[in-house]
Structure formats: C-alpha cells, structure tokens
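Here are a few friendly notes to read beside the model. They begin with a loop and then turn to the ligand.

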Amino acid sequence: MEKMPYRDELQQAVVLSTTQTVVSTDWRQGLPTLRGRQVVLRELRASDAASLFALLTTEEVARFISPPPSTVAGFERFIEWALRQRAVGTYACFAVTVAGFDTAIGIFQVRSTEPGFATAEWGFAIGSDFWGTGVFQDGAALVLDFAFDTIGVHRLEARAAVRNGRGNRALQKLGAVQECRLRRSFLKNGEYLDQMLYAMLDTDWRGSRAPVFASPVRVH
Ligand SMILES: CC(C)(COP(=O)(O)OP(=O)(O)OC[C@H]1O[C@@H](n2cnc3c(N)ncnc32)[C@H](O)[C@@H]1OP(=O)(O)O)[C@@H](O)C(=O)NCCC(=O)NCCS
C-alpha cells in the first residue's frame, strides 16, 4: 500500500495518450461488482471522491500509507486516473461499500509490477469506523479471488510499515507470508521507515480455499 503508484501532484497535468493499446478483456473494460457477506466491491465513480476524502485522509488511516489526495478534487483526479489505468490493464481499484449502502468507505487496489500482471502488488485502506468489523477480511477475500482467478496474478505482494501493527496483522490473518524486511524503504513525514514484504502465491490462496474433506473411514 505504501508505495502504490498514484501521486496527485504528478497527475494534474497528465493527458491520456491516445496511442495506448487497450487489450480487450472484460475487467479492463469495466470492473465486475463483487459481492461478499458484508461488502459489495465495485468500480470507483467520480461521486465517491467526497466520502473517500472524508474517510481516508484522517490521521489514523493515513498514518502509514502514501499521502492520499488532500482535497475532494484530488480524489476526483485519482478516480479518473484509476479508470484510465484499469482501461490499459495495469491497475484495478475497487470501491468498498457495505451491502445495502452505496457510499464508498474504502478502497482495494491491485497494480501490475511487471508486464502481463503475473506479479502484482496490492494495497487497501478502509475508513476507521469500519475497522475490526469484518469488512476488510470479507473484501480482501473477494479481491484475492479476483486477482488470482480473473486477472491471473501468480504472486501478489504487499508492504506494511513495521510500525503498522494492524496492517501487518490483517495481512497475516489472510495467510500472507512475511518474506523479508525492507530497511528504510518508505519515506513518511521526513522519516524513512522499515517495511515488511509479504507475498501470497496463487497456489497459497487456492490451497487455503480448498474444501476440507473428512478423512475416509476405514472398514476392517
Ligand atoms: C489495514 C486495514 C484495511 C485492516 O482492516 P481492519 O478492519 O483493521 O483489519 P482486521 O480487524 O481484520 O485485522 C486487524 C487485526 O490487527 C489487530 N491489531 C489491531 N491493532 C494492532 C496492533 N497495534 N498490533 C498488532 N495487531 C493489531 C486486530 O486485533 C486484528 O486482529 P484480530 O482479528 O486477530 O484481533 C485497516 O486497518 C486500515 O485501513 N488501515 C489504514 C490503512 C493502512 O494502513 N493500509 C495499509 C495496510 S498494509
């Protein structure tokens, strides 16, 4: 999450290149709506800017992530950028909503870190009123299914600042494997922080979802 690609200050002058190749697959033309037990994940809309600004710019949410846009207009530019990146097949960002309500309360983002999306990184932020409610775990399972089964990711990485106890624990609960410490890898408020690198493989995730069959009963 900490090193996800969008930077508001870099995007304000960007104009979409008309020469970009748009490969025709379903998710590149529009993200599917994913329904869990508690959450519905859907494509971002410009109208999500206000609630995302209100919920994701608080001190406790933004403490360990790259600075989010600092205005509603900045979030609108981020959403426009996200839709363009999705259309060229390098990035997908879902709005998190609670079933029965359409307000965006957070985001999950997945970006390709090499051509073809075999290796990717994901990140997430949820409004703090919804922490500890199961919303994250429910949404994360949908995004992991989407990344591995729909996009075709083979290895999905995540970074969490070592001091981000909640973020580290949330990843561990999903079965992400802590692979190494990235020393002084994340600049936050003028200080370089250490991060933990986590990864999940498609086989890890599919194995964790596999149904557990009862042991066969031996008849002597
Ligand atoms: C990361 C985030 C999406 C997780 O959502 P969440 O609803 O808080 O996650 P969960 O409640 O499922 O899991 C958090 C776990 O951390 C634990 N936890 C809370 N504070 C902790 C701390 N200081 N140290 C260690 N674990 C902590 C919780 O008890 C919980 O574990 P449990 O279910 O075993 O009790 C959310 O906290 C968030 O948006 N944070 C701000 C953005 C951010 O930091 N994103 C990057 C994360 S790498």
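Where does N189 lie?

1. N189 is found in the loop between β7 and β8 (191-201); strands here are DSSP runs of E with at least two residues, and helices are runs of H or I with at least four, numbered from the N terminus. Although not a glycine, N189 has a positive phi of about 50 degrees. With 74% relative accessibility, N189 counts as exposed (over 50%, by a 1.4 Å probe with protein chains only).

2. A word on the source: this is a predicted model, where local features need pLDDT of at least 70, side-chain atom pairs count only at pLDDT 80 or more, and totals for chains, interfaces and linings use all residues. Residues are numbered from 1 along each chain as its sequence is written, and side-chain values use heavy atoms, leaving out hydrogens and water.

3. R184 is another residue to look at: its place is in strand β7 (residues 177-188), and its phi is positive, near 45 degrees, though it is not glycine. R184 is exposed too, at 54% relative accessibility.

4. Now the ligand: 20 residues surround it, and the closest are I126, G132, N164, R166 and K173 (a heavy atom within 4 Å). Helix α7 (165-173) is one of the elements that supply at least two residues of this shell, and α7 gives the most, with six residues.

5. Which polar side-chain atom lies 2.8 Å from an oxygen atom of the ligand? That atom belongs to N164. A polar backbone atom of F124 is 2.9 Å from a ligand nitrogen.

Terms used:
A polar contact is a pair of N or O atoms within 3.5 Å; within protein, one must be able to donate a hydrogen and the other to accept it, and residues adjacent in sequence count only if both atoms are side-chain atoms. Buried means under 20% relative accessible area, exposed over 50%, partly exposed in between (1.4 Å probe, protein chains only).
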